[in-house]
Amino acid sequence: QLAEIHAAVELFEAFGGREITRTRIHPHSHSHTQPVCALRQLPRQLIDQIMGAPYKRKTAKGVGTSDEAVDASAAEAASNGTHEMAKPKTKFQKLMVRVVTGAMMAGALYAVVFHVGHLGVAFTLFAITAGIFKELVDVGYSEANPERELPLYRSLQWVWFMVAMSAAYSLEALNAPLDLTKFLARLPYLDGTALAYVPLVLDARQYHDYITFMGYSVAFVVTVLTLKEGHYKTQIRILSFTVLALSLFVVQMKMAIFNVFQGLFWFLFPLLLVAVNDTFAYFSGFTMGKKVFKSVFLTLSPNKTWEGFIGGGLFTVVAGWYLPTLLATPWLACSYSDIADNGADACQIPSHFVPHAETGISAVQYHGLVLALFASLVAPFGGFFASAIKRAYGLKDFATMIPGHGGFMDRLDCQFLMAFFTWVHLTTFVAPLSPFDRAAQLVQALGPEDQAAILALIKAK
(Lines give C-alpha, C1' and ligand atoms only; values in the text may rest on other atoms or scores of the structure.)
Protein backbone atom coordinates (compact mmCIF):
# COMPACT_ATOMS: atom_id res chain seq x y z
CA GLN A 1 0.00 0.00 0.00
CA LEU A 2 2.84 2.38 0.79
CA ALA A 3 4.49 1.48 -2.52
CA GLU A 4 1.26 2.43 -4.33
CA ILE A 5 1.30 5.83 -2.63
CA HIS A 6 4.90 6.41 -3.68
CA ALA A 7 4.08 5.38 -7.23
CA ALA A 8 1.10 7.75 -7.30
CA VAL A 9 3.19 10.67 -6.09
CA GLU A 10 5.98 9.96 -8.58
CA LEU A 11 3.40 9.72 -11.36
CA PHE A 12 1.95 13.06 -10.28
CA GLU A 13 5.43 14.57 -10.41
CA ALA A 14 6.00 13.20 -13.88
CA PHE A 15 2.91 15.03 -15.12
CA GLY A 16 4.06 18.39 -13.86
CA GLY A 17 3.37 18.43 -10.13
CA ARG A 18 6.40 20.55 -9.33
CA GLU A 19 5.16 21.56 -5.89
CA ILE A 20 5.91 18.09 -4.56
CA THR A 21 9.41 16.61 -4.51
CA ARG A 22 8.61 13.35 -2.71
CA THR A 23 6.30 12.02 -0.05
CA ARG A 24 8.54 10.33 2.46
CA ILE A 25 7.12 7.53 4.56
CA HIS A 26 9.25 6.32 7.42
CA PRO A 27 9.30 2.50 7.39
CA HIS A 28 8.69 2.24 11.13
CA SER A 29 6.34 5.16 11.61
CA HIS A 30 2.67 4.76 12.48
CA SER A 31 1.80 8.00 10.73
CA HIS A 32 0.93 7.67 7.06
CA THR A 33 2.81 10.65 5.67
CA GLN A 34 5.50 13.20 6.22
CA PRO A 35 5.00 15.42 3.16
CA VAL A 36 7.72 17.82 2.17
CA CYS A 37 5.28 20.40 0.83
CA ALA A 38 1.69 21.29 1.60
CA LEU A 39 -0.82 18.67 0.45
CA ARG A 40 -3.08 21.36 -0.96
CA GLN A 41 -1.25 21.05 -4.30
CA LEU A 42 -2.14 17.36 -4.73
CA PRO A 43 -5.27 16.02 -6.45
CA ARG A 44 -8.05 15.36 -3.95
CA GLN A 45 -8.18 11.64 -4.80
CA LEU A 46 -4.48 11.25 -4.04
CA ILE A 47 -4.88 13.14 -0.75
CA ASP A 48 -7.72 10.80 0.17
CA GLN A 49 -5.49 7.83 -0.62
CA ILE A 50 -2.61 9.17 1.46
CA MET A 51 -4.65 10.32 4.43
CA GLY A 52 -6.99 7.34 4.40
CA ALA A 53 -10.07 9.60 4.71
CA PRO A 54 -11.96 12.23 2.64
CA TYR A 55 -10.00 15.43 2.66
CA LYS A 56 -11.32 18.96 2.14
CA ARG A 57 -9.56 21.39 -0.16
CA LYS A 58 -9.41 25.16 0.08
CA THR A 59 -10.60 26.99 -3.01
CA ALA A 60 -8.86 30.01 -4.48
CA LYS A 61 -11.35 32.44 -2.89
CA GLY A 62 -11.74 30.50 0.33
CA VAL A 63 -15.25 29.27 -0.64
CA GLY A 64 -15.66 25.51 -0.90
CA THR A 65 -18.28 23.08 -2.14
CA SER A 66 -19.18 19.84 -0.43
CA ASP A 67 -16.13 18.25 -2.05
CA GLU A 68 -13.75 21.19 -1.77
CA ALA A 69 -14.53 23.09 1.43
CA VAL A 70 -12.13 25.14 3.46
CA ASP A 71 -10.10 23.38 6.13
CA ALA A 72 -6.73 25.09 6.34
CA SER A 73 -5.98 23.70 9.77
CA ALA A 74 -6.45 20.15 8.50
CA ALA A 75 -4.11 20.84 5.59
CA GLU A 76 -1.51 22.21 7.97
CA ALA A 77 -1.92 19.18 10.23
CA ALA A 78 -1.50 16.89 7.25
CA SER A 79 1.65 18.69 6.16
CA ASN A 80 3.04 18.08 9.65
CA GLY A 81 2.19 14.39 9.61
CA THR A 82 -0.67 14.59 12.14
CA HIS A 83 -4.35 13.69 11.98
CA GLU A 84 -6.74 16.51 11.11
CA MET A 85 -8.64 16.00 14.42
CA ALA A 86 -5.48 16.21 16.52
CA LYS A 87 -5.11 19.41 18.49
CA PRO A 88 -1.76 21.09 17.84
CA LYS A 89 0.39 21.57 20.90
CA THR A 90 0.85 25.10 22.10
CA LYS A 91 4.29 26.62 22.47
CA PHE A 92 4.03 26.26 26.26
CA GLN A 93 3.01 22.59 26.02
CA LYS A 94 5.99 21.85 23.79
CA LEU A 95 8.23 23.62 26.26
CA MET A 96 6.86 21.58 29.17
CA VAL A 97 7.34 18.29 27.32
CA ARG A 98 10.89 19.32 26.53
CA VAL A 99 11.60 20.28 30.16
CA VAL A 100 10.12 17.09 31.66
CA THR A 101 11.97 14.84 29.21
CA GLY A 102 15.16 16.81 29.80
CA ALA A 103 14.83 16.28 33.55
CA MET A 104 14.41 12.54 33.01
CA MET A 105 17.53 12.42 30.83
CA ALA A 106 19.44 14.38 33.50
CA GLY A 107 18.36 11.82 36.11
CA ALA A 108 19.53 8.94 33.91
CA LEU A 109 22.84 10.69 33.33
CA TYR A 110 23.32 11.21 37.08
CA ALA A 111 22.62 7.54 37.78
CA VAL A 112 25.10 6.30 35.17
CA VAL A 113 27.89 8.73 36.09
CA PHE A 114 27.68 8.61 39.89
CA HIS A 115 26.36 5.10 40.54
CA VAL A 116 27.70 3.00 37.68
CA GLY A 117 30.92 4.88 36.93
CA HIS A 118 33.49 4.87 34.17
CA LEU A 119 32.63 1.49 32.68
CA GLY A 120 28.91 2.24 32.64
CA VAL A 121 29.48 5.53 30.85
CA ALA A 122 31.84 3.90 28.34
CA PHE A 123 29.39 1.09 27.49
CA THR A 124 26.55 3.64 27.25
CA LEU A 125 28.55 5.68 24.73
CA PHE A 126 29.26 2.51 22.77
CA ALA A 127 25.54 1.68 22.62
CA ILE A 128 24.62 5.26 21.70
CA THR A 129 27.06 5.08 18.78
CA ALA A 130 25.10 2.14 17.38
CA GLY A 131 21.81 3.95 18.05
CA ILE A 132 22.92 7.05 16.16
CA PHE A 133 23.99 4.99 13.18
CA LYS A 134 20.63 3.21 13.15
CA GLU A 135 18.85 6.57 13.00
CA LEU A 136 20.97 7.65 10.04
CA VAL A 137 20.38 4.31 8.28
CA ASP A 138 16.63 4.78 8.71
CA VAL A 139 16.85 8.29 7.26
CA GLY A 140 18.54 7.02 4.12
CA TYR A 141 16.22 4.02 3.93
CA SER A 142 13.06 6.12 3.87
CA GLU A 143 14.53 8.21 1.06
CA ALA A 144 16.38 5.79 -1.16
CA ASN A 145 14.99 2.29 -0.62
CA PRO A 146 11.27 2.47 0.24
CA GLU A 147 10.42 -0.38 -2.12
CA ARG A 148 13.42 -2.59 -1.20
CA GLU A 149 14.93 -2.22 -4.67
CA LEU A 150 18.51 -1.87 -3.44
CA PRO A 151 20.11 -5.20 -2.45
CA LEU A 152 21.60 -5.59 1.03
CA TYR A 153 20.86 -1.96 1.88
CA ARG A 154 20.87 -2.27 5.68
CA SER A 155 23.29 -5.19 5.88
CA LEU A 156 26.01 -3.42 3.93
CA GLN A 157 25.74 -0.24 5.98
CA TRP A 158 26.09 -2.20 9.22
CA VAL A 159 29.13 -3.99 7.80
CA TRP A 160 30.72 -0.60 7.11
CA PHE A 161 29.79 0.46 10.63
CA MET A 162 31.55 -2.56 12.18
CA VAL A 163 34.65 -1.95 10.04
CA ALA A 164 34.75 1.70 11.15
CA MET A 165 34.30 0.74 14.81
CA SER A 166 37.06 -1.86 14.58
CA ALA A 167 39.43 0.69 13.03
CA ALA A 168 38.59 3.42 15.55
CA TYR A 169 39.04 1.15 18.56
CA SER A 170 42.44 -0.04 17.37
CA LEU A 171 44.02 3.41 17.02
CA GLU A 172 46.87 3.70 19.50
CA ALA A 173 46.27 7.41 20.07
CA LEU A 174 42.69 6.69 21.17
CA ASN A 175 43.42 3.77 23.48
CA ALA A 176 41.98 4.36 26.93
CA PRO A 177 44.64 5.30 29.51
CA LEU A 178 44.56 2.09 31.56
CA ASP A 179 46.50 -1.10 32.18
CA LEU A 180 44.60 -3.69 30.14
CA THR A 181 45.86 -6.63 32.19
CA LYS A 182 44.70 -5.09 35.46
CA PHE A 183 41.48 -3.98 33.82
CA LEU A 184 40.59 -7.51 32.74
CA ALA A 185 41.61 -8.92 36.11
CA ARG A 186 39.12 -6.60 37.86
CA LEU A 187 36.16 -7.76 35.80
CA PRO A 188 33.96 -9.83 38.15
CA TYR A 189 32.86 -12.39 35.57
CA LEU A 190 36.39 -13.49 34.56
CA ASP A 191 37.81 -16.34 36.65
CA GLY A 192 41.36 -17.61 36.82
CA THR A 193 40.88 -19.91 33.83
CA ALA A 194 39.79 -17.05 31.60
CA LEU A 195 42.54 -14.75 32.88
CA ALA A 196 45.11 -17.35 31.88
CA TYR A 197 44.31 -16.51 28.25
CA VAL A 198 44.91 -12.76 28.72
CA PRO A 199 48.54 -12.94 27.50
CA LEU A 200 47.35 -14.67 24.33
CA VAL A 201 44.77 -11.94 23.79
CA LEU A 202 47.39 -9.26 24.26
CA ASP A 203 49.72 -10.97 21.80
CA ALA A 204 46.90 -11.42 19.28
CA ARG A 205 46.29 -7.67 19.12
CA GLN A 206 49.04 -7.36 16.54
CA TYR A 207 46.60 -8.94 14.07
CA HIS A 208 43.84 -6.42 14.77
CA ASP A 209 44.74 -4.07 11.93
CA TYR A 210 45.06 -6.99 9.52
CA ILE A 211 41.64 -8.35 10.46
CA THR A 212 40.13 -4.86 10.17
CA PHE A 213 41.60 -4.45 6.69
CA MET A 214 40.18 -7.83 5.64
CA GLY A 215 36.76 -6.63 6.82
CA TYR A 216 37.22 -3.41 4.86
CA SER A 217 38.14 -5.39 1.73
CA VAL A 218 35.08 -7.63 2.03
CA ALA A 219 32.80 -4.61 2.56
CA PHE A 220 34.29 -2.85 -0.45
CA VAL A 221 34.00 -5.84 -2.78
CA VAL A 222 30.42 -6.66 -1.75
CA THR A 223 29.46 -2.99 -2.14
CA VAL A 224 30.70 -2.99 -5.74
CA LEU A 225 29.02 -6.34 -6.49
CA THR A 226 25.65 -5.07 -5.27
CA LEU A 227 25.64 -2.00 -7.52
CA LYS A 228 22.44 -2.32 -9.55
CA GLU A 229 21.88 -0.93 -13.01
CA GLY A 230 19.59 2.05 -12.94
CA HIS A 231 20.44 2.79 -9.31
CA TYR A 232 24.15 3.59 -9.55
CA LYS A 233 23.73 7.25 -8.67
CA THR A 234 21.50 6.49 -5.68
CA GLN A 235 23.81 3.79 -4.35
CA ILE A 236 26.92 5.97 -4.67
CA ARG A 237 25.05 8.76 -2.85
CA ILE A 238 24.12 6.34 -0.06
CA LEU A 239 27.72 5.14 0.23
CA SER A 240 28.94 8.73 0.42
CA PHE A 241 26.37 9.54 3.10
CA THR A 242 27.42 6.44 5.08
CA VAL A 243 31.11 7.33 4.95
CA LEU A 244 30.31 10.91 5.98
CA ALA A 245 28.15 9.73 8.88
CA LEU A 246 30.80 7.32 10.13
CA SER A 247 33.52 9.96 9.95
CA LEU A 248 31.38 12.41 11.90
CA PHE A 249 30.67 10.36 15.01
CA VAL A 250 32.44 6.98 15.27
CA VAL A 251 35.95 8.34 15.99
CA GLN A 252 34.53 11.22 18.04
CA MET A 253 32.57 8.87 20.29
CA LYS A 254 35.74 6.82 20.82
CA MET A 255 37.45 10.06 21.85
CA ALA A 256 34.66 10.60 24.36
CA ILE A 257 35.40 7.16 25.84
CA PHE A 258 39.08 8.10 26.10
CA ASN A 259 38.03 11.24 27.99
CA VAL A 260 35.92 9.13 30.36
CA PHE A 261 38.87 6.98 31.44
CA GLN A 262 41.03 10.08 31.87
CA GLY A 263 38.44 11.24 34.40
CA LEU A 264 34.65 11.48 34.41
CA PHE A 265 35.05 15.25 34.68
CA TRP A 266 36.28 15.37 31.07
CA PHE A 267 33.12 13.64 29.93
CA LEU A 268 30.56 15.35 32.17
CA PHE A 269 31.88 18.91 32.06
CA PRO A 270 31.91 19.30 28.22
CA LEU A 271 28.51 17.60 28.04
CA LEU A 272 27.09 20.08 30.59
CA LEU A 273 28.58 23.02 28.69
CA VAL A 274 26.78 22.00 25.52
CA ALA A 275 23.58 21.38 27.51
CA VAL A 276 23.84 24.82 29.15
CA ASN A 277 24.42 26.44 25.77
CA ASP A 278 21.52 24.60 24.18
CA THR A 279 19.16 25.27 27.10
CA PHE A 280 19.87 28.97 27.50
CA ALA A 281 19.98 29.53 23.76
CA TYR A 282 16.48 28.03 23.66
CA PHE A 283 15.20 30.15 26.54
CA SER A 284 16.92 33.30 25.25
CA GLY A 285 15.38 32.78 21.85
CA PHE A 286 12.04 31.87 23.44
CA THR A 287 11.87 35.11 25.45
CA MET A 288 13.89 37.58 23.36
CA GLY A 289 13.87 36.10 19.87
CA LYS A 290 13.97 38.76 17.08
CA LYS A 291 13.36 41.61 19.51
CA VAL A 292 16.87 43.00 19.07
CA PHE A 293 18.00 41.45 15.79
CA LYS A 294 15.26 41.03 13.21
CA SER A 295 17.19 38.72 10.92
CA VAL A 296 17.42 34.96 11.32
CA PHE A 297 20.77 33.75 12.64
CA LEU A 298 21.11 30.97 10.06
CA THR A 299 18.73 29.96 7.30
CA LEU A 300 19.63 26.27 7.82
CA SER A 301 17.78 26.47 11.13
CA PRO A 302 15.15 29.23 10.90
CA ASN A 303 14.18 28.92 14.58
CA LYS A 304 17.68 29.94 15.70
CA THR A 305 18.02 33.63 16.53
CA TRP A 306 20.90 35.96 17.27
CA GLU A 307 19.48 36.54 20.72
CA GLY A 308 19.53 32.81 21.40
CA PHE A 309 23.07 32.38 20.10
CA ILE A 310 24.45 35.30 22.12
CA GLY A 311 22.45 34.51 25.27
CA GLY A 312 23.46 30.87 25.20
CA GLY A 313 27.10 31.85 24.74
CA LEU A 314 27.13 34.24 27.71
CA PHE A 315 25.60 31.70 30.10
CA THR A 316 27.97 29.00 28.82
CA VAL A 317 31.05 31.12 29.55
CA VAL A 318 29.79 31.75 33.08
CA ALA A 319 29.24 28.00 33.52
CA GLY A 320 32.70 27.31 32.13
CA TRP A 321 34.26 29.39 34.90
CA TYR A 322 32.22 28.23 37.90
CA LEU A 323 31.25 24.63 37.09
CA PRO A 324 34.80 23.17 37.44
CA THR A 325 34.96 24.16 41.11
CA LEU A 326 31.70 22.30 41.74
CA LEU A 327 32.79 19.20 39.83
CA ALA A 328 36.31 18.93 41.29
CA THR A 329 35.52 15.86 43.40
CA PRO A 330 37.74 12.75 43.60
CA TRP A 331 35.12 10.62 41.84
CA LEU A 332 35.03 12.95 38.83
CA ALA A 333 38.57 14.34 38.78
CA CYS A 334 40.59 11.14 39.25
CA SER A 335 41.22 8.79 36.36
CA TYR A 336 39.74 5.31 36.18
CA SER A 337 43.11 3.70 36.92
CA ASP A 338 43.69 5.85 40.00
CA ILE A 339 40.27 5.06 41.45
CA ALA A 340 40.62 1.36 40.64
CA ASP A 341 44.03 1.18 42.31
CA ASN A 342 43.49 3.44 45.33
CA GLY A 343 39.75 3.98 45.69
CA ALA A 344 37.79 7.18 45.20
CA ASP A 345 38.55 8.44 48.71
CA ALA A 346 42.30 7.88 48.54
CA CYS A 347 43.07 8.84 44.93
CA GLN A 348 45.25 11.88 44.33
CA ILE A 349 43.29 14.71 42.68
CA PRO A 350 45.34 16.14 39.78
CA SER A 351 47.06 19.43 40.56
CA HIS A 352 45.11 21.43 37.96
CA PHE A 353 41.95 20.89 40.05
CA VAL A 354 43.57 22.30 43.22
CA PRO A 355 42.88 26.05 43.80
CA HIS A 356 45.84 28.40 44.09
CA ALA A 357 46.66 29.23 47.72
CA GLU A 358 46.44 33.01 47.21
CA THR A 359 43.91 33.58 44.43
CA GLY A 360 41.69 30.57 45.08
CA ILE A 361 41.53 30.00 41.31
CA SER A 362 42.39 26.59 39.88
CA ALA A 363 44.00 25.97 36.52
CA VAL A 364 41.04 23.89 35.41
CA GLN A 365 38.86 27.02 35.46
CA TYR A 366 40.96 28.51 32.68
CA HIS A 367 40.66 25.25 30.76
CA GLY A 368 36.92 25.51 31.42
CA LEU A 369 36.79 28.94 29.78
CA VAL A 370 38.49 27.61 26.66
CA LEU A 371 36.06 24.71 26.46
CA ALA A 372 33.13 27.06 27.10
CA LEU A 373 34.15 29.34 24.23
CA PHE A 374 34.33 26.33 21.91
CA ALA A 375 30.95 25.10 23.16
CA SER A 376 29.46 28.53 22.42
CA LEU A 377 31.09 29.43 19.10
CA VAL A 378 31.88 26.17 17.30
CA ALA A 379 29.93 23.24 18.77
CA PRO A 380 26.50 24.69 17.79
CA PHE A 381 27.48 24.31 14.15
CA GLY A 382 27.33 20.56 14.64
CA GLY A 383 23.63 21.12 15.32
CA PHE A 384 23.31 23.36 12.29
CA PHE A 385 24.85 20.66 10.11
CA ALA A 386 22.38 18.13 11.51
CA SER A 387 19.60 20.60 10.65
CA ALA A 388 20.88 20.71 7.08
CA ILE A 389 20.63 16.90 6.88
CA LYS A 390 17.07 16.99 8.21
CA ARG A 391 16.06 19.71 5.77
CA ALA A 392 17.62 17.77 2.89
CA TYR A 393 15.52 14.72 3.79
CA GLY A 394 12.38 16.59 4.82
CA LEU A 395 12.51 15.53 8.47
CA LYS A 396 11.63 17.33 11.67
CA ASP A 397 13.67 14.97 13.85
CA PHE A 398 15.92 11.98 13.21
CA ALA A 399 13.73 9.84 15.47
CA THR A 400 10.92 10.09 18.02
CA MET A 401 12.52 8.12 20.83
CA ILE A 402 12.88 11.14 23.16
CA PRO A 403 9.63 13.20 23.37
CA GLY A 404 10.27 16.85 22.66
CA HIS A 405 13.88 16.18 21.68
CA GLY A 406 13.79 13.66 18.82
CA GLY A 407 16.44 10.96 18.76
CA PHE A 408 20.05 10.43 19.79
CA MET A 409 21.33 12.40 16.82
CA ASP A 410 19.07 15.35 17.66
CA ARG A 411 20.44 15.52 21.22
CA LEU A 412 24.09 14.76 20.52
CA ASP A 413 24.68 16.61 17.26
CA CYS A 414 26.84 19.22 19.04
CA GLN A 415 28.55 16.72 21.34
CA PHE A 416 30.65 15.14 18.58
CA LEU A 417 32.65 18.29 17.95
CA MET A 418 32.82 18.96 21.68
CA ALA A 419 34.22 15.50 22.46
CA PHE A 420 36.77 15.91 19.66
CA PHE A 421 37.97 19.28 20.95
CA THR A 422 38.04 18.06 24.56
CA TRP A 423 40.29 15.16 23.57
CA VAL A 424 42.62 17.47 21.62
CA HIS A 425 42.76 20.01 24.46
CA LEU A 426 43.15 17.32 27.11
CA THR A 427 46.02 15.51 25.41
CA THR A 428 47.76 18.75 24.42
CA PHE A 429 47.54 21.03 27.47
CA VAL A 430 46.04 19.17 30.45
CA ALA A 431 47.52 15.67 30.46
CA PRO A 432 50.02 15.39 27.59
CA LEU A 433 51.87 12.10 27.39
CA SER A 434 55.64 12.36 27.68
CA PRO A 435 57.85 9.87 25.79
CA PHE A 436 58.29 8.00 29.08
CA ASP A 437 54.50 7.83 29.62
CA ARG A 438 54.00 6.49 26.11
CA ALA A 439 56.70 3.88 26.63
CA ALA A 440 55.18 2.89 29.97
CA GLN A 441 51.75 2.45 28.37
CA LEU A 442 53.23 0.28 25.63
CA VAL A 443 55.06 -1.90 28.17
CA GLN A 444 51.92 -2.27 30.29
CA ALA A 445 50.00 -3.43 27.23
CA LEU A 446 52.51 -6.20 26.52
CA GLY A 447 52.22 -9.77 27.69
CA PRO A 448 54.31 -11.08 30.65
CA GLU A 449 56.94 -12.70 28.39
CA ASP A 450 57.50 -9.51 26.40
CA GLN A 451 57.68 -7.44 29.58
CA ALA A 452 60.28 -9.84 30.98
CA ALA A 453 62.28 -9.59 27.76
CA ILE A 454 62.29 -5.78 27.96
CA LEU A 455 63.34 -5.91 31.61
CA ALA A 456 66.22 -8.25 30.72
CA LEU A 457 67.24 -5.91 27.90
CA ILE A 458 67.29 -2.93 30.28
CA LYS A 459 69.39 -4.85 32.83
CA ALA A 460 71.81 -5.88 30.11
CA LYS A 461 72.36 -2.24 29.21
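Two residues are taken to be in contact when heavy atoms of one lie within 4.5 Å of heavy atoms of the other. By this criterion, in the predicted model, His118 is in contact with Val260, Phe261, Leu264, Trp331, Cys334, Ser335, Tyr336 and Ile339, its neighbours within four places in sequence being left aside. His118 belongs to helix H5, which spans residues 118–144. With a relative accessible area of 4%, His118 falls under the 20% limit and is therefore buried.

Ala122 is also placed in helix H5. The relative accessible area of Ala122 is 9%, and this residue is likewise buried. Apart from neighbours within four places in sequence, Ala122 is in contact with Ile257 and Phe261. Phe261 is also listed among the contacts of His118.

The protein as a whole has 461 residues, of which 39% count as buried. Its secondary structure consists of 21 helices and 2 strands. Among contacts in the protein with a separation of 6 or more, 69% are between residues 24 or more positions apart.

Two helix pairs were examined. Helix H12 (residues 265–288) packs against helix H13 (residues 306–327) at an angle of about 145°, and their axes are 7 Å apart. The crossing of H12 past H13 is right-handed. On the H12 side, the contact is formed by Phe265, Leu268, Phe269, Leu272, Leu273, Val276, Asn277, Phe280, Ala281, Ser284, Gly285 and Met288. On the H13 side, the contributing residues include Gly308, Gly311, Gly312, Gly313 and Gly320, together with Phe315, Leu323 and Leu327. Sorted by class, this contact comprises 14 nonpolar, 9 polar and 1 charged residues.

The second pair is formed by H6 and helix H11 (residues 232–262), whose axes come within 10 Å and cross at roughly 35°. H6 also passes H11 in a right-handed crossing. From H6, the residues Tyr153, Gln157, Trp160, Phe161, Ala164, Met165 and Ala168 take part. Their counterparts in H11 are Ile238, Leu239, Thr242, Leu246, Phe249, Val250, Val251 and Lys254. By class, 12 nonpolar, 2 polar and 1 charged residues make up the contact of H6 with H11. Lys254, part of this contact, also lies over the face of Tyr169, at 5.2 Å from the ring centre.

Aromatic pairs number 27 in the structure. One of them joins Tyr282 and Phe286, whose ring centres are 6.2 Å apart and whose planes meet at 20°, so the pair is stacked. The cut-off for stacking is an angle under 30 degrees between the planes. Tyr282 and Phe286 are 4 residues apart in helix H12, and about one helical turn therefore separates them. Tyr282 has a relative accessible area of 28% and is partly exposed. Phe286, at 30% relative accessibility, is partly exposed as well. A charged side chain is also found at Tyr282: Arg98 lies over the face of this ring, at 4.7 Å from the ring centre. Elsewhere, ring pairs link Phe293, Phe297, Trp306, Phe309, Phe381 and Phe384 into a cluster.

Backbone geometry was considered at two loop positions. Most residues other than glycine have a negative phi. Leu152, which is not a glycine, has a positive phi of about 55°. This residue lies in the loop between H5 and helix H6 (153–168). Its relative accessible area is 44%, and Leu152 is partly exposed. Lys290, also not a glycine, has a positive phi of about 65°. Lys290 is located in the loop between H12 and H13, the helices that pack at about 145°. At 36% relative accessibility, Lys290 counts as partly exposed.

Terms used:
Residues numbered from 1 in each chain as written. Predicted model: local features only at pLDDT ≥ 70, side-chain atom pairs only at ≥ 80, totals over all residues. Heavy atoms only, no water. Axes fitted to C-alpha atoms, helices over the stretch in contact; angles between N-to-C directions. Left-handed = near helix turned anticlockwise from the far one by under 90°. Nonpolar A, V, L, I, M, F, W, Y, C, P; charged D, E, K, R; others polar. Phe/Tyr/Trp six-rings, centres within 6.5 Å; stacked < 30°, edge-to-face > 60°. Buried < 20%, exposed > 50% of the residue type's maximum accessible area, 1.4 Å probe, protein only. Lys NZ or Arg CZ within 6 Å of the ring centre and 35° of its normal.
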